[in-house]
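Hello,

Here is the structure I promised to pass on. My notes follow below it.

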Amino acid sequence: MEQRQLRDLTVSELGLGCMGMSEFYGKGDDAESIRVIHRSIELGCTFLDTADMYGPFTNERLVGAAIADRRDQVVLATKFGNVRGEDGSFLGISGRPEYVRSACDASLARLGVDHIDLYYQHRVDTKVPIEDTVGAMAELVTAGKVRHLGLSEASATTIRRANAVHPITALQTEYSLWERVVEAEILPTVRELGIGFVAYSPLGRGFLTGRFRTPHDMPDGDTRMGRFPRFRDENLRANLALVDRVEEMAARKGCKAGQIALAWVQAQGDDIVSIPGTKRLSYLEENVASVHVSLTADELAWINEHISAAAGDRYPDMSTVNN
């Protein structure tokens with residue numbers, strides 16, 4: 001596993017998204033998830049991504065337990081801003097300075113660590129000036145509670161304003177073969193400013209692996225088919241044709257469709273790091289093996305010609321992204 005730079009932070013070229021271990025993608029198994037995290041570290045995939053809202057709150061506890069005896073082996077990222085109640089209710093978005101401080105202290109306690117390597121604002125609070133939010137985040141750096149700052153799903157204008165207050169190390173936003181909106185304005189902006197890019201859902205929430213073709217293919221309790229427009233009705237049918245093209249390339253290369261999807265994102269620049277999520281050892285090892293899949297210039301050109309953006313919105317409510 002090679003290393004990549006997110007501004008001044010060195011991370012593994014592939015990270016591990018931990019969200020699905022605790023919520024949204026079917027029933028979790030904490031013991032198995034801890035084994036996945038440990039194996040990920042063994043394989044050199046040491047950039048771990050969580051958030052306080054996952055669970056809610058339980059995912060940070062899970063990750064904290066998994067790394068308790070190997071904290072110095074990982075780069076730990078978590079997020080604040082999506083406010084949830086203990087009962088799982090969604091209570092809105094907050095970037096208020098006092099909330100930033102309390103959320104960080106709560107995450108540190110749940111994770112069982114004395115500092116967070118990369119602390120993201122999960123979603124932009126349009127009611128609070130970004131300068132106020134990032135100012136409070138910068139105070140956490142001064143206090144030694146946080147090492148680096150990040151944003152998630154922020155617009156180019158917001159990124160510029162935030163970076164003027166304190167250097168932003170990374171922007172985390174969805175990017176994959178079926179989601180390329182960031183190429184128009186976001187990627188050029190972060191590259192101009194020297195900010196690294198973290199691609200979440202690089203497998204299109206698992207759809208680009210080819211494993212999900214009908215609602216019956218989803219695990220019990222998995223919300224993807226019911227929640228996300230791209231998994232429903234006519235969008236699903238259109239997007240299955242896209243997956244067929246990914247599988248066609250995978251057959252040529254003698255690898256898995258998901259490995260093609262990950263290799264494509266990784267090929268978009270050395271300043272980009274993917275964080276595919278999984279809670280199963282077999283899928284972890286499949287994802288990690290994608291770093292050995294290289295795409296030629298001709299293959300990348302074929303992909304760009306034959307695989308277009310997905311049909312349907314990313315979320316049922318797009319008002320909280322790309323603010």
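Five bridges join E10 to E11 (residues 196-200), and the two strands run parallel. Strands count as paired if DSSP finds at least two bridges between them. Helices (H or I, at least four residues) and strands (E, at least two) are DSSP runs, numbered from the N terminus. From E10 the chain crosses through helix H6 (residues 186-193) to E11, and this β-α-β crossover is right-handed. That is, with the strands pointing away from the viewer, the path from the first strand over the helix to the second runs clockwise.

This is a predicted model: local features need pLDDT of at least 70, side-chain atom pairs count only at pLDDT 80 or more, and totals for chains, interfaces and linings use all residues. Residues are numbered from 1 along each chain as its sequence is written, and side-chain values use heavy atoms, with hydrogens and water left out.

E10 also pairs with strand E9 (residues 146-152), in the parallel sense, over three bridges. Ser152 stands opposite Gln172 in E10. The link from E9 to E10 runs through helix H5 (residues 156-165), again as a right-handed β-α-β crossover.

How many residues of E10 are buried? Five of five, across residues 170-174. Buried means under 20% relative accessible area (1.4 Å probe, protein chains only). Ala170, Gln172 and Glu174 point one way, Leu171 and Thr173 the other.

Now the cysteines. The whole structure has zero disulfides (cysteine sulfur pairs within 2.5 Å). For Cys45, the nearest cysteine sulfur is that of Cys18, 9.1 Å away. Cys45 is buried, at 1% relative accessible area.

Best wishes

Terms used: Buried < 20%, exposed > 50% of the residue type's maximum accessible area, 1.4 Å probe, protein only.
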